[in-house]
Amino acid sequence: MNNEYDVIVVGAGHAGCEAAAAAANLGSKTLMITMNMGVIGQMSCNPAMGGIAKGQIVREIDALGGLSGIVSDKSTIQFRMLNLSKGPAVWSPRTQNDRWQFSQEWRTQLESIPNLDFWQDMVAELLVKDNIICGVVTAMGITFNAKAVVLTNGTFLNGLIHVGDKNYSGGRVGEKAATGITEQLVSLGFETGRMKTGTPPRLDGRSINYKVLEPQYGDETPNKFSYTDTSPAQNQLPCYITYTNTDVHETLKTGFDKSPMYSGTIKGLGPRYCPSIEDKINRFSERDRHQLFIEPESRNTIEIYLNGFSSSLPEDVQYKALRKIVGLENVKMFRPGYAIEYDYFPPTQLNMSLETKLVRGLYFAGQINGTTGYEEAACQGLMAGINAHLKINHKESLILSRAEAYIGVLIDDLVNKGTDEPYRMFTSRAEYRILLRQDNADLRLTEKGYQIGLADKKRYDRVLEKKKEIEINLKKLKEIKYSAEDINAFLEKHNTASIREKTTLHQLCKRPDISIHDFVKEGLLNEKITEDNEIIEQLDILVKYETYIEKEEKSAERIHLQEAYLIDKETDYTLIHGLSTEAKEKLKKLKPDTLGQASRISGVSPSDVSILMIYLRR
């Protein structure tokens, strides 16, 4: 056995998989330790990737050289681009995935990495000497030494599963909880808390009456997540929509007296934006129905995921309520929904690299930091794996700003603002969402992935070619001109104002009613510009939103200037005259690296920032 490693990753969920893959692909000798090799990369809850803002994160992971996009594409059973009726800043890709194929594909990808080893065991203890991580000790008593350790424990740290008034130890249904780590970290000075999440019952698809349900199909021309040569989904499977009703709600209420949420058994806060069904009918009592999605778990199983019906009510109450839903009158249940309570560590205890402030070389990623969602976990794992490798090789950490990526927004929010409830990403959290679109993640981030050695040259060359094509064709849009005689019939057909003088294609495409695709369809371009749909989409967005993009770029540049003011970790804020008492307390606790980071800490006012800037200039 090899007991000496550069990086050890504890856990094999979405964060663990990305962390292990990143560190190993960058050249670190890496060990992944998991309690169950059979569930690597498992989709513990819904069998889907992406969605609002989350889809942007998956594209960013892929652009940097991570694997979530590739794994998702290879296991897709339905693809939809959400929010197409709105502006491109909020278009978000989402896939329905084959749960079993997704997990298998992750394992295949990981096992193909030469620098990555695996060990099935529970980590019982961290080896720490002089506040520096040295390795781990497993439940079997085996010591593995390492220069860096990434903890991606998910819901397993002292996990407690609740169904009605029953509860039992577990990190996931059928899997035991992890113990010992929390207690040791607390003894080292870490703060900890409890959070809660939940999952819905799984159903027998043979017992569902699909004829009375509303089908939801994938896009006619499906896209994909990865910028590599993965294939779009073929033979897509539909999902189905149904609704709860007042009978369902009344049935669910009969179990409220045994609900762990209302009895006080569960202490941790649950996700605000993905509430349980009992929470929905309690918080939104004025509504007489809630939408539910019937989602296939796989191409090769009858198991169904009932999205929107997470519950920890007694199993008999869940079952009775399910049978009062249209289409589920004769439904059979494979297993009830349940809630799980687990330990997390407030992320203000981290540096922007996701390294802990108290123990050098120790990184946290995923639900241990208070986030919820596969995508949020995966991007943290990627960044932790990258930065663990960079640190042990004495290189500067990779820190993404809020203007560069949703990943940057997420980590900045966690480290500077913290969270006391499960954190979920939304487009509204990003100030620069017109810059951070799902369509341009490769243009924003692949160069960074290439520079650190994670994105390969083929990816980078493809991005350079794409940039070149965009520049060439933008220039052509400004050169192509139409007279009134040439174009007015076309403009009238598309219900937009006619022209009197010669006008460029660039100017015409600023209009919301027409796009470059319309000119292509009407044969008005005479093959003067690219026929690549991806490039055409980029051109359309860049032209229509040119003013807004320029405005956000200028705003981002101003913020970037603040990031240039570095702050010494040993700064004594009590000696800086003029700072508010709250600012001094927050700055002393969080120890920001830059003025920009300090400006985003809750309790640090604009006047505090100005005083701090003057101090730093001196």
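**A buried asparagine and its surroundings**

Guide: Asn416 sits in helix α11, which covers residues 406-417; helices (H or I, at least four residues) and strands (E, at least two) are DSSP runs, numbered from the N terminus. The model is predicted, so local features need pLDDT of at least 70 and side-chain atom pairs count only at pLDDT 80 or more, while totals for chains, interfaces and linings use all residues. Residues are numbered from 1 along each chain as its sequence is written, and side-chain values use heavy atoms, with hydrogens and water left out.

With a relative accessibility of 3%, Asn416 is classed as buried, where buried means under 20% relative accessible area, exposed means over 50%, and partly exposed is in between (1.4 Å probe, protein chains only). Leaving aside residues up to four places away in sequence, Asn416 is in contact with Met352, Leu590, Gln597, Arg600, Ile601 and Ser602, a contact being heavy atoms within 4.5 Å. Gln597 lies 181 residues from Asn416 along the chain, yet their C-alpha atoms are separated by 7.1 Å. The side chains of Asn416 and Gln597 also form a polar contact of 3.1 Å, and a second polar contact, of 2.8 Å, links the side chain of Asn416 to that of Asp412. A polar contact is a pair of N or O atoms within 3.5 Å; within protein, one must be able to donate a hydrogen and the other to accept it, and residues adjacent in sequence count only if both atoms are side-chain atoms.

From α11 the view passes to α10. The axes of α10 and α11 come within 10 Å and cross at roughly 85°, which means that α10 is roughly perpendicular to α11. Axes here are lines fitted to C-alpha atoms, for helices over the stretch in contact, and angles run from 0 to 180 degrees between N-to-C directions; angles under 35 degrees count as roughly parallel, over 145 as roughly antiparallel, 65 to 115 as roughly perpendicular, and the rest as oblique. On the α10 side, Glu376, Cys379, Gln380 and Met383 meet Ile407, Leu410, Ile411 and Leu414 of α11. The residues of this contact between α10 and α11 comprise 6 nonpolar, 1 polar and 1 charged, with Ala, Val, Leu, Ile, Met, Phe, Trp, Tyr, Cys and Pro counted as nonpolar, Asp, Glu, Lys and Arg as charged, and the others, Gly among them, as polar.

Helix α10 (residues 374-392) also packs against helix α1 (residues 14-25), at an angle of about 30° and with the axes 7 Å apart, so α1 is roughly parallel to α10. Their contact brings His14, Ala15, Glu18, Ala19, Ala22 and Ala23 of α1 to Tyr374, Ala377, Ala378, Gly381, Leu382, Gly385, Ile386 and His389 of α10. Sorted by type, the residues where α1 meets α10 are 9 nonpolar, 4 polar and 1 charged.

Turning to other buried sites, Thr95 belongs to strand β5, residues 92-97, and is buried at 0% relative accessibility. The side chain of Thr95 makes a polar contact of 2.7 Å with that of Asn97, and residues touched by Thr95, beyond four places away in sequence, include Pro47, Met49, Phe79 and Phe225. Arg459 lies in helix α13, residues 457-479, and is buried, with a relative accessible area of 12%. The side chain of Arg459 reaches the backbone oxygen of Asp62 at 2.6 Å, and among the other residues that Arg459 touches are Ile70, Ser226, Thr228 and Thr446.

Most residues other than glycine have a negative phi. Asp130, however, has a positive phi near 55°; Asp130 lies in the loop between β7 (123-129) and β8 (132-138) and is exposed, with a relative accessible area of 61%. Lys591 likewise has a positive phi, of about 50°, although it is not a glycine. Lys591 is placed in the loop between α19 (581-590) and α20 (595-599), and its 35% relative accessibility counts as partly exposed.
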